[in-house]
Amino acid sequence: MTEYPNEIFERVLNLEWPWYVDRFGFDDESQTLLVYLDFEKGGTFTCGSCGTTGCKAYDTYRKQWRHLDFFRYRTFLHGPSPRVSCPSCGIKQAALPWARRRQRLTLAFEEMVVSLVQEMPIRAVSRLVGEHDTRLWRVVNHYMD
């Protein structure tokens with residue numbers, strides 16, 4: 001039952017090939033947990049526009065997503081956000097298993113926000129999770145439409 005810390009994070013994040021946890025660390029100054037993701041060379045992805053699978057990475061850029069708190073510490077995922085060469089629609093952003101396109105919050109975080117706003121005012125949720133209420137309204141409006 002011995003597991004390495006990276007493997008534990010991979011399991012809780014439900015990462016599948018080609019994604020993996022490269023490393024993680026704790027920022028004492030901001031009191032945040034930082035989880036660094038990466039993908040295996042040669043990995044293929046799903047086109048975020050049309051859903052075509054098996055697309056090769058064209059290029060990447062680094063991005064950060066807010067995730068659920070780990071114990072009482074704010075947690076951020078850092079990693080590449082690949083663009084893919086899709087045979088159907090050209091160069092497009094890849095679909096990521098943990099976040100919606102163009103969002104800086106993970107799906108798990110968004111799910112928690114939607115659950116909380118059903119029980120309390122969004123301003124209270126904003127204070128509780130430490131995110132601006134306008135960002136949370138965008139999440140709520142996306143799921144309530």
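**Notebook: helix contact and nonpolar cores**

I looked up where helix 2 meets helix 3: F109, M112, L116 and V117 in helix 2 are in contact with I122, V125, L128 and V129 in helix 3. By class I count eight nonpolar residues in this contact, with no polar and no charged ones. I note that the model is predicted.

Next I checked the geometry of the pair. Helix 2 spans residues 107–117 and helix 3 spans residues 122–129. Their axes come within 9 Å and cross at roughly 140 degrees. Over 145 degrees would count as roughly antiparallel. Helix 2 and helix 3 are therefore oblique to each other. I also noted the hand of the crossing of helix 2 and helix 3, which is right-handed.

Then I turned to the nonpolar cores. The largest has 20 residues. I looked for the residues with the most contacts inside this core and found V35, L37 and W98. Four elements are listed as giving two or more residues to this core: strand 1 (19–27), strand 2 (32–39), strand 4 (55–70) and strand 5 (73–86). Strand 2 gives the most, with four residues.

Leaving out residues up to four places away in sequence, L37 touches L13, L15, Y20, V21, D22, R62, L77, H78, G79, P80 and W98. I then found another core lying apart from the largest one. This other core has 11 residues, including F109, V114, V139 and V140.

Key: Residues are numbered from 1 along each chain as its sequence is written. This is a predicted model: local features need pLDDT of at least 70, side-chain atom pairs count only at pLDDT 80 or more; totals for chains, interfaces and linings use all residues. Side-chain values use heavy atoms; hydrogens and water are left out. Axes are lines fitted to C-alpha atoms, for helices over the stretch in contact, and angles run from 0 to 180 degrees between N-to-C directions. Angles under 35 degrees count as roughly parallel, over 145 as roughly antiparallel, 65 to 115 as roughly perpendicular and the rest as oblique. A crossing is left-handed if the near helix is turned anticlockwise from the far one by less than a right angle, and right-handed if clockwise. Contact means heavy atoms within 4.5 Å. Ala, Val, Leu, Ile, Met, Phe, Trp, Tyr, Cys and Pro count as nonpolar, Asp, Glu, Lys and Arg as charged, and the others, Gly among them, as polar. A nonpolar core is a set of buried Ala, Val, Leu, Ile, Met, Phe, Trp, Tyr and Cys residues joined through side-chain atoms within 4.5 Å. Buried means under 20% relative accessible area, exposed over 50%, partly exposed in between (1.4 Å probe, protein chains only).
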